[in-house]
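Dear colleague,

Here is the structure I promised to hand over, with notes on what was found in it. Please read them beside the coordinates.

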Amino acid sequence: MKLTEAEWSVLTVLWSGERFALAEVTQALKEEKNWSRNTVHTYLTRMAAKGLVAIDHAQEKPYEAAVAREDCARAERQDLLNRVYGGAAGDLVAAFLQESKMSEKEVERLRKLLDEMEV
């Protein structure tokens with residue numbers, strides 16, 4: 001499941017709560033993207049057709065995410081890993097570690113994770 005930047009924006013709003021009215025989604029995206037009500041409605045409808053958004057018009061607040069944030073994040077990580085690093089997780093981790101400053105807490109968490117994986 002490859003999401004566009006716009007789809008990420010819509011889903012980020014939907015992941016922030018349980019159910020939303022069109023006006024609520026529009027307001028959140030107007031602040032970030034300056035989208036009109038019609039644009040937001042079009043995205044929600046198209047994303048529903050793709051199985052990303054659930055719409056229940058019997059509800060006062062009909063819109064909710066139909067996919068979990070972690071599932072989308074996992075798919076994005078897997079895509080990056082395969083596309084850029086040929087599936088080599090160690091190369092991906094090494095690149096992040098070399099290019100990012102990590103706090104002691106993050107380093108300790110990474111060590112713990114590696115120990116638990118028995119790498």
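**Notes on the model**

Leu-52 is buried, with a relative accessible area of 4%, where buried means under 20% relative accessible area, exposed over 50% and partly exposed in between, for a 1.4 Å probe and protein chains only. This is a predicted model, in which local features need pLDDT of at least 70 and side-chain atom pairs count only at pLDDT 80 or more, whereas totals for chains, interfaces and linings use all residues. Residues are numbered from 1 along each chain as its sequence is written, and side-chain values use heavy atoms, with hydrogens and water left out.

Leu-52 lies in the loop between α3 and β1 (53–55); helices (H or I, at least four residues) and strands (E, at least two) are DSSP runs, numbered from the N terminus. Not counting residues up to four places away in sequence, Leu-52 touches Met-1, Leu-3, Glu-7, Leu-11, Met-47, Ala-65, Ala-66 and Val-67, contact being heavy atoms within 4.5 Å. The C-alpha atoms of Leu-52 and Glu-106, which are 54 residues apart along the chain, are separated by 32 Å.

Helix α1 is largely enclosed by the rest of the structure, because eight of its 11 residues are buried. Those buried residues are Ala-6, Glu-7, Ser-9, Val-10, Leu-11, Val-13, Leu-14 and Trp-15, and they pack against α2, α3, β1, β2 (63–65) and α4.

The largest nonpolar core has 20 residues, of which Leu-11, Leu-14, Val-25, Leu-44 and Val-53 touch the most other members; such a core is a set of buried Ala, Val, Leu, Ile, Met, Phe, Trp, Tyr and Cys residues joined through side-chain atoms within 4.5 Å. While α1, α2 and α3 each supply at least two residues of this core, α1 gives the most, with six residues. Leu-14 touches Phe-20, Val-25, Leu-44, Val-53, Tyr-63, Glu-64 and Ala-65, again not counting residues up to four places away in sequence.

How do the helices cross? For the values below, axes are lines fitted to C-alpha atoms, for helices over the stretch in contact, and angles run from 0 to 180 degrees between N-to-C directions. Angles under 35 degrees count as roughly parallel, over 145 as roughly antiparallel, 65 to 115 as roughly perpendicular and the rest as oblique.

- The axes of α1 (residues 5–15) and α2 (residues 22–33) come within 10 Å and cross at roughly 130 degrees, and the two helices are therefore oblique to each other. Glu-5, Ser-9, Val-10, Val-13 and Leu-14 of α1 make the contact with Val-25, Ala-28, Leu-29, Glu-32 and Lys-33 of α2.
- The axes of α1 and α4 come within 11 Å and cross at roughly 150 degrees, which makes α1 roughly antiparallel to α4. Here Trp-8, Thr-12 and Trp-15 in α1 meet Arg-69, Cys-72, Ala-73 and Glu-76 in α4.
- The axes of α4 (residues 69–85) and α5 (residues 89–99) come within 9 Å and cross at roughly 95 degrees, and these helices are therefore roughly perpendicular to each other. In this pair Leu-80, Leu-81 and Tyr-85 of α4 meet Ala-89, Asp-91, Leu-92, Ala-95 and Phe-96 of α5.

Lastly, Asn-34, in the loop between α2 and α3 (37–49), has a phi near 60 degrees, a positive value in a residue other than glycine. Asn-34 is exposed, with a relative accessible area of 57%.

With best regards
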